[in-house]
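Biologist: Can you put the model up and talk me through it?

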Amino acid sequence: MVSALLYHFGKSITGHMDPIRPGLVHRLDKDTSGLLVVAKDEVALAFLQSELKARRIKRIYRALVWGDPDTDSGTIDLPIGRSERDRKKMSVYPRHGREAITHFEVEKDSG
């Protein structure tokens, strides 16, 4: 990935950035989508890192769902933490989990 970034953006993403991960701001939800946030220059890198740290970056996901949901919209408010059974996975963990709030709505219903 780094080689592709260096080829595409050239020297604009090097400078004072981490030479091993130039331009890479953060890997969002690596256990699900593996989405990467990449900055094209140092100014963008600093800005995106500060926004991420302050939790001002909003994540929006789209999903295909098999079946008919009980409701067209709602909120799931359950704490998430490392699974006690498999430390590589996350699960609902009421006692020690971090706050995790998901708002959802059905965009299109095939039925």
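Modeller: We can go from the overall fold to the salt bridges and then the surface. This is a predicted model, where local features need pLDDT of at least 70, side-chain atom pairs count only at pLDDT 80 or more, and totals for chains, interfaces and linings use all residues. Residues are numbered from 1 along each chain as its sequence is written, and side-chain values use heavy atoms, with hydrogens and water left out.

Biologist: How many helices and strands does the protein have?

Modeller: Two helices and six strands. Helices (H or I, at least four residues) and strands (E, at least two) are DSSP runs, numbered from the N terminus.

Biologist: And in what order do the elements run from the N terminus?

Modeller: The order is α-β-β-α-β-β-β-β.

Biologist: What share of the residues is buried?

Modeller: Buried residues are 14% of the 111 in the protein. Buried means under 20% relative accessible area, exposed over 50%, partly exposed in between (1.4 Å probe, protein chains only).

Biologist: Switching to charges. How many salt bridges are there?

Modeller: Two. The rule asks for a side-chain nitrogen of Lys or Arg within 4 Å of a carboxyl oxygen of Asp or Glu.

Biologist: Which residue does E51 meet?

Modeller: E51 pairs with R56, at 2.9 Å from N to O.

Biologist: Is E51 buried or exposed?

Modeller: E51 is buried, at 16% relative accessible area. R56 is exposed, at 54%.

Biologist: What about R62, which side chain does it meet?

Modeller: R62 meets E107, with N to O at 3.0 Å. R62 sits in the loop between α2 (42–53) and β3, and E107 in the segment after β6 (101–105), so this pair ties together parts 45 residues apart in sequence.

Biologist: Are those two buried or exposed?

Modeller: R62 is exposed, at 69% relative accessible area. E107 is exposed too, at 60%.

Biologist: Now the surface. Which residues make the nonpolar patch?

Modeller: I76, L78, V92 and F104 make a patch of about 310 Å². Patch residues have over 30% relative accessible area and no salt bridge; nonpolar side chains (Val, Leu, Ile, Met, Phe, Trp, Tyr) are joined within 5 Å, like charges within 9 Å.

Biologist: Where is I76?

Modeller: In strand β3, residues 73–77. I76 counts as partly exposed, at 42% relative accessibility.

Biologist: Last one: what does the accessible surface come to?

Modeller: About 9,900 Å², with 53% belonging to carbon and sulfur atoms. The areas come from the Shrake-Rupley method with a 1.4 Å probe; for residues, only the protein chains shown count as cover.
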